[in-house]
Amino acid sequence: MQAPLGILFDKDGTLLEYHATWMPANHAVALELAQGDLNTAHHLLRAGGWDQATDRVASGSPLAAGDLEDIATLWQDLLPDGPVRTIESIVAYLDSAFPANMVPTPVCDLPALLTQLQARNIALGVATADSANGLRMSLAPFDILHRFAFAVGFDSGHGRKPEPGMVHGFCAATDLPPDRIWVIGDNRHDIEMALSAGATGIGVLTGTSSAEELRAAGAAMILDSIAALPEML
């Protein structure tokens, strides 16, 4: 009999469609930090990986794959003149402003999908480069947080992507070895995190990366969406 399986999901670009969820927040937050100056806001967004022509962000860019500390560090020196803002104060602002302006958009019927997976005795977790607060606020509308045996952000004490700590934490929470864990995500940081921990990395195309980029990172498989998981299993 095959050993049980665990699936550790990324959040944005995997459970939630990245651009529909995050672009409203990216624009609103950048404009606020720019003190209402649209040119400065666009400068912040472009530095983060935004393409103005398509209103999308590049794979692997700070806005696509970075955590709040990465974004705060990038933007600190680009802010308009005014009171000096520390990295810590910018992170604190982002931690409340990003979730408040998100439009959480699921890639499929998440409650139904997770129910199907749990019916197969699959352990579920979520590991995001977003904060623990952002995780809770963006997934709360779908009433699925109780489905996860493990749900952490970059500030939850398990390290940051692509370090292996989040995978190791999931293994400890589920009593599963890394070689029975699938890490599913839309960015190379997710795949690299999986491989560094001895788990299997699976890419999805509902975020910011192409199939070619995910394969180059070492993804064992590419799915159009996590909606394909029940049929694949």
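This is a predicted model: local features need pLDDT of at least 70, side-chain atom pairs count only at pLDDT 80 or more; totals for chains, interfaces and linings use all residues.

Visitor: OK. How many salt bridges does a search of the whole structure find?

Guide: Eight. A salt bridge here is a side-chain nitrogen of Lys or Arg within 4 Å of a carboxyl oxygen of Asp or Glu.

Visitor: Which residue does aspartate 190 meet in a salt bridge?

Guide: Lysine 161, with N to O at 2.6 Å. The pair links distant parts of the chain, 29 residues apart: aspartate 190 is in helix H9 (residues 188-197), and lysine 161 is in the loop between strand E5 (150-152) and helix H8 (165-174). Helices (H or I, at least four residues) and strands (E, at least two) are DSSP runs, numbered from the N terminus.

Visitor: Are aspartate 190 and lysine 161 buried or exposed?

Guide: Both are buried. Buried means under 20% relative accessible area, exposed means over 50%, and partly exposed is in between, using a 1.4 Å probe and protein chains only. Aspartate 12 and lysine 11 also meet in a salt bridge, at 2.9 Å from N to O, and both of these residues are buried too.

Visitor: What about arginine 188, which residue does its side chain meet?

Guide: Glutamate 192, in a salt bridge of 2.8 Å from N to O. An α-helix has 3.6 residues a turn, so residues three or four places apart point the same way. Arginine 188 counts as partly exposed, at 36% relative accessibility, and glutamate 192 is partly exposed with a relative accessible area of 25%.

Visitor: Which residues are linked in a network of salt bridges?

Guide: Asp67, Glu69, Asp70 and Arg160.

Visitor: New topic. Where is threonine 21 found?

Guide: In helix H1, residues 18-33. Threonine 21 is buried, at 0% relative accessibility. Its side chain reaches the backbone oxygen of glutamate 17 at 2.8 Å, and a polar atom of that side chain lies 3.0 Å from the backbone nitrogen of threonine 105. A polar contact is a pair of N or O atoms within 3.5 Å; within protein, one must be able to donate a hydrogen and the other to accept it, and residues adjacent in sequence count only if both atoms are side-chain atoms.

Visitor: And helix H2, which of its residues are buried?

Guide: In H2 (residues 38-47), Thr40, Ala41, His42, Leu44 and Leu45 are buried. They pack against H1, strand E2 (50-51), helix H3 (62-65) and helix H4 (68-76); contact means heavy atoms within 4.5 Å. At the start of H2, a side-chain oxygen of aspartate 37 comes within 3.3 Å of the backbone nitrogen of asparagine 39. Glycine 49, with a positive phi near 110°, follows H2.

Visitor: Which members of the largest nonpolar core touch the most other members?

Guide: Val29, Leu33, Trp75, Leu94 and Phe98, out of 29 residues. H1, H2, H3, H4 and helix H5 (87-101) each supply at least two residues of this core. A second, separate core has 26 residues, including Cys108, Leu113, Leu139 and Leu229. A nonpolar core is a set of buried Ala, Val, Leu, Ile, Met, Phe, Trp, Tyr and Cys residues joined through side-chain atoms within 4.5 Å.

Visitor: Back to valine 29. What does it touch?

Guide: Leaving out residues up to four places away in sequence, valine 29 touches Trp75, Tyr93, Leu94, Ala97, Phe98 and Asn101. Valine 29 lies in helix H1 and is buried, with a relative accessible area of 0%.

Methods. Residues are numbered from 1 along each chain as its sequence is written. Side-chain values use heavy atoms; hydrogens and water are left out.
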